Amino acid sequence: MIGKYHSLIVNLACRVMAPFILLYGVYVVFFGHYSPGGGFQGGTILAAVVIMLRLALGKKDTYKKFPPRLGLILGGIGLLIYGGTGVVSMMTGGNFLDYAELPLPWLSVPDKRYYGILLVEI
């Protein structure tokens, strides 16, 4: 859909709900790695907000809020974080994404796994 959906109620509802749904999506990403949910579900919630805004507001207004170039940049950063976590754990003697081998000597093994999973989920 390129054009704006011409309904005052739909547009207002999307504009009011979007920040709260975004906040919930970020919460699921950050706290989902040790509870039901996770990074994938949080990312899906965040992507659903972008799709909702695109359907309600149209292409021009949505690109002001979330430009396509920002999506490419965030995707690239996510790929680097994921791959970097795996490569660092391989360089320290473990397997790919072996969080116990992350070079964080001040943390115990369960804490290393906790933060390693958080990095991958982000």
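User: How many aromatic pairs does a search of the whole structure find?

Analyst: In this predicted model, the search finds four aromatic pairs.

User: Why is the pair of Tyr 24 and Tyr 27 called stacked?

Analyst: The ring centres of Tyr 24 and Tyr 27 are 6.5 Å apart and their planes stand at 25°; planes under 30 degrees apart count as stacked, so this pair is stacked. Both residues lie in helix H1, three residues apart, which is about one turn of the helix.

User: Why does Asp 61 count as buried?

Analyst: The relative accessibility of Asp 61 is 17%, and buried means under 20%, so Asp 61 counts as buried. This residue lies in helix H3 and, leaving aside neighbours within four places in sequence, is in contact with Lys 4 and Arg 15.

User: How do you know that the span of helix H2 agrees with its number of residues?

Analyst: At 1.5 Å a residue, the 19 residues of H2 (residues 39-57) should span 27 Å, and the end C-alpha atoms are 27 Å apart, which agrees.

User: Which exposed residues does the face of H2 turned away from its buried side carry?

Analyst: That face carries Phe 40 and Ile 51, whereas the buried residues of H2 include Val 49, Met 52 and Leu 53.

Key. Residues are numbered from 1 along each chain as its sequence is written. This is a predicted model: local features need pLDDT of at least 70, side-chain atom pairs count only at pLDDT 80 or more; totals for chains, interfaces and linings use all residues. Side-chain values use heavy atoms; hydrogens and water are left out. Helices (H or I, at least four residues) and strands (E, at least two) are DSSP runs, numbered from the N terminus. The expected span of a helix is 1.5 Å times one less than its number of residues. Buried means under 20% relative accessible area, exposed over 50%, partly exposed in between (1.4 Å probe, protein chains only). Contact means heavy atoms within 4.5 Å. Rings of Phe, Tyr and Trp (its six-membered ring) pair if their centres lie within 6.5 Å; planes under 30 degrees apart count as stacked, over 60 as edge-to-face and the rest as tilted.
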